[in-house]
Amino acid sequence: MRQLRGQERVITANRQTSWAFADAFVAEDEALRWARERAREAGLPSVSPGTGAALRLLAATAGAKAVAEIGTGTGVSGIYLLQGMRPDGVLTTVDPEPERQQFAREAFRAAGFAANRARFIPGRALDVLPRLADGGYDLVFCDGDRMESLECLAESLRLLRPGGLVCFEGVFADGRTVDSAAQPGEVLRVRELLRTVRESQELLPSLLPVGDGLLCAVRRG
């Protein structure tokens, strides 16, 4: 990563408190709380309320009708995405663990979404994504294996229509992405993803300080 330039300010305690306040700004309903509890019981991470709210906002701004999600989990991020999508929109969500997707089905139903609003595909992302339609998606949300992030980026660019969005969750890696100490391969992979997105002529990127870092980019027309 590039060294910080002069315009970056020191991260004070007040700024950290403000970020925490912003991340918890949106209240969650019973369906989201239920899905979070299932994730905690299973030892799975789930997106923060701030990250979920950002995804919902992005889906709504894009007028998203077709969204692909890599990493269903227990349905937390899926609920937020569905809340932002058009009423006739369909979420295609991929996860290697079908039992997690069953929790998500229940969570979506509890949130008031009809069964035809989501398409569940069990399997590894890199096995499933090549089967999805070129240019058929308004937004792709990636919350899967960090070691596969660059491959998922390539697939996402194929899946997105011009003007579509790709988002990657967890790019701060609990602060390790900017830590100068030796890091494991998955963190090095995240750094490579950040460089690739930032330097791409095909993408217009932004890095949002919500949750554990949300990398977003618009595919240029």
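1. In this predicted model, helix 2 and helix 4 are roughly antiparallel to each other, because their axes cross at roughly 155° and angles over 145 degrees are placed in that class. The axes of helix 2 and helix 4 (residues 76-84) come within 8 Å.

2. Which residues of helix 2 meet V76, I79 and Y80 in helix 4? They are A31, L32, A35 and R36. Sorted by class, the contact of helix 2 with helix 4 has six nonpolar residues, one charged residue and no polar residues.

3. A second pair of helices may be read in the manner of the first. The axes of helix 7 (residues 149-159) and helix 8 (residues 185-199) come within 9 Å, with a crossing angle of roughly 30°. Angles under 35 degrees count as roughly parallel, so helix 7 is roughly parallel to helix 8. From helix 7, the residues S149, L150, E151 and L153 make the contact, and from helix 8 the residues R189, E192, L193, T196 and V197. By class, this contact of helix 7 with helix 8 has four nonpolar, two polar and three charged residues.

4. A search of the whole structure finds three aromatic pairs. For the rings of W34 and F103, the centres are 6.2 Å apart and the planes stand at 65°, so the pair is edge-to-face.

5. The charged pairs come next. Side chains of opposite charge can pair when their charged atoms come close. Across the whole structure, a search finds 17 salt bridges. One of them joins the side chains of E41 and R38, at 2.9 Å from N to O. E41 and R38 are three residues apart in helix 2 (residues 30-42), so about one helical turn separates them. E41 is exposed, with a relative accessible area of 54%, whereas R38 counts as buried at 14% relative accessibility.

6. D95 and R100 also meet through their side chains in a salt bridge, here at 3.6 Å from N to O. D95 counts as buried, its relative accessibility being 3%, while R100 is partly exposed with a relative accessible area of 27%.

7. A further salt bridge is formed by E186 with R176, whose closest N and O atoms are 3.1 Å apart. Where do its two residues lie? E186 is in helix 8, and R176 is in the loop between strand 5 (160-169) and helix 8; the two are ten residues apart, and the pair links distant parts of the chain. E186 is partly exposed, with a relative accessible area of 27%, and R176 likewise counts as partly exposed, at 23% relative accessibility. Salt bridges that share partners join R146, R176, E186 and D212 into one network.

Conventions
Residues are numbered from 1 along each chain as its sequence is written. This is a predicted model: local features need pLDDT of at least 70, side-chain atom pairs count only at pLDDT 80 or more; totals for chains, interfaces and linings use all residues. Side-chain values use heavy atoms; hydrogens and water are left out. Axes are lines fitted to C-alpha atoms, for helices over the stretch in contact, and angles run from 0 to 180 degrees between N-to-C directions. Helices (H or I, at least four residues) and strands (E, at least two) are DSSP runs, numbered from the N terminus. Angles under 35 degrees count as roughly parallel, over 145 as roughly antiparallel, 65 to 115 as roughly perpendicular and the rest as oblique. Contact means heavy atoms within 4.5 Å. Ala, Val, Leu, Ile, Met, Phe, Trp, Tyr, Cys and Pro count as nonpolar, Asp, Glu, Lys and Arg as charged, and the others, Gly among them, as polar. A salt bridge is a side-chain nitrogen of Lys or Arg within 4 Å of a carboxyl oxygen of Asp or Glu. Buried means under 20% relative accessible area, exposed over 50%, partly exposed in between (1.4 Å probe, protein chains only). Rings of Phe, Tyr and Trp (its six-membered ring) pair if their centres lie within 6.5 Å; planes under 30 degrees apart count as stacked, over 60 as edge-to-face and the rest as tilted.
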